[in-house]
Amino acid sequence: MSVGTVVDWLAAVALVSGALLSLAAGIGVLRFPDVLDRMHAATKPQVLGVLLLLVGLALRLRTAADLGMIVLVGVFQLATAPVAAQMIGRAAYRSGRVDRSLLDVDELAEHRPEEGDSRPERDGSRPERGEQRRGGSRSGPGE
Amino acid sequence: MTVVLAIVLTVLLSTTALLALARIYRGPSLLDRVIAADLLLAAMLGAVGAEAAVNRHATTLPVLVVLSLLGFVGSVALVRFAAREES
């Protein structure tokens with residue numbers, strides 16, 4: 001068995017396991033009850049699944065120029081997936097789409113000011129929930 | 001081996017796309033739909049990459065770069081729109 005055959009089999013294993021991760025995420029997104037649970041399921045193919053598929057692709061192509069572009073795709077995916085997930089999670093939490101009976105710990109609730117509460121750390125450095133309700137900082141860049 | 005690999009990958013990735021489409025159809029809120037659209041785009045990314053790997057050509061690699069950036073821009077824009085709508 002030559003080296004090329006072994007590498008092709010490794011590539012096939014990587015491709016199939018990446019596709020299996022996608023399938024698991026699809027089932028999870030359909031079956032899980034909550035926005036955050038669905039996000040937990042959906043991030044598997046976005047990072048590990050895509051990386052496994054790219055490893056399989058790189059093992060099949062085996063040229064330096066293609067490898068550069070594959071690495072670029074992987075870096076983009078690793079850099080952008082957490083940012084998008086963070087924004088989705090924050091929007092879900094702020095709009096109250098989080099089912100609190102499913103949470104074990106809600107550490108963010110201890111730092112969130114109550115409605116009409118004037119605690120000293122609310123100096124406009126962070127866009128808070130109460131200020132957004134009043135429409136004061138709706139178009140701020142740090143929102 | 002190539003034919004079997006192509007069939008297995010097609011079945012797995014298209015099942016994922018169908019499940020994501022079902023969640024886009026059913027999803028109660030906009031955020032569920034954004035998550036499912038992200039998953040659909042990840043499945044498309046995987047499908048384009050798998051096709052290039054099975055047929056051993058590199059012509060669709062720029063498409064992969066564009067897709068990986070497009071998902072980010074689309075989901076961030078939709079989530080900002082959703083957050084503005086809620087407040």
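1. Start with A:D8. In this predicted model, A:D8 is buried, with a relative accessible area of 12%. Its salt-bridge partners are taken in turn below.

2. A:R60 is one partner. The side chains of A:D8 and A:R60 meet in a salt bridge, at 3.9 Å from N to O. The two residues come from distant parts of the chain: A:D8 sits in helix α1 of chain A, A:R60 in helix α2 (residues 35-61) of chain A, and 52 residues separate them. A:R60 is buried, because its relative accessible area of 5% falls under 20%.

3. A:R62 is another partner. Its side chain meets that of A:D8 in a salt bridge, with an N to O distance of 3.4 Å. This pair also links distant parts of the chain: A:R62 belongs to the loop between α2 and α3 (64-94) of chain A, A:D8 to helix α1, and they are 54 residues apart. A:R62 is partly exposed, at a relative accessible area of 43%.

4. Which residue of chain B forms a salt bridge with A:D8? It is B:R56, and the closest N and O atoms are 2.9 Å apart. B:R56 lies in the loop between α2 (30-55) and α3 (61-86) of chain B, while A:D8 is in helix α1 of chain A, so this pair joins two chains. B:R56 is partly exposed, with a relative accessible area of 37%.

5. Now put the pairs together. Salt bridges with shared partners join A:D8, A:R60, A:R62 and B:R56 into one network. Over all chains, the structure holds four salt bridges. As background, side chains of opposite charge can pair when their charged atoms come close.

6. Next, confidence. Chain A has a mean pLDDT of 78, and 78% of its residues reach 70 or more. Where in chain A is confidence highest, and where is it lowest? Helix α1 (residues 3-31) of chain A has the highest, at 91. Helix α4 (residues 129-134) of chain A has the lowest, at a mean of 46. A:D8 lies in helix α1 of chain A, the element with the highest confidence in that chain.

7. Over residues 116-125 of chain A, pLDDT stays under 50, and the model has twelve contacts for them beyond four places in sequence. Residues 128-143 of chain A are also below 50, with 26 contacts in the model beyond near neighbours in sequence. Where pLDDT is low, the predicted coordinates should not be read in detail.

Note on methods. Residues are numbered from 1 along each chain as its sequence is written. Chains are lettered from A and ligands numbered from 1 in the order in which they are written. This is a predicted model: local features need pLDDT of at least 70, side-chain atom pairs count only at pLDDT 80 or more; totals for chains, interfaces and linings use all residues. Side-chain values use heavy atoms; hydrogens and water are left out. pLDDT is the predictor's confidence in each residue, from 0 to 100. Helices (H or I, at least four residues) and strands (E, at least two) are DSSP runs, numbered from the N terminus. Contact means heavy atoms within 4.5 Å. Buried means under 20% relative accessible area, exposed over 50%, partly exposed in between (1.4 Å probe, protein chains only).
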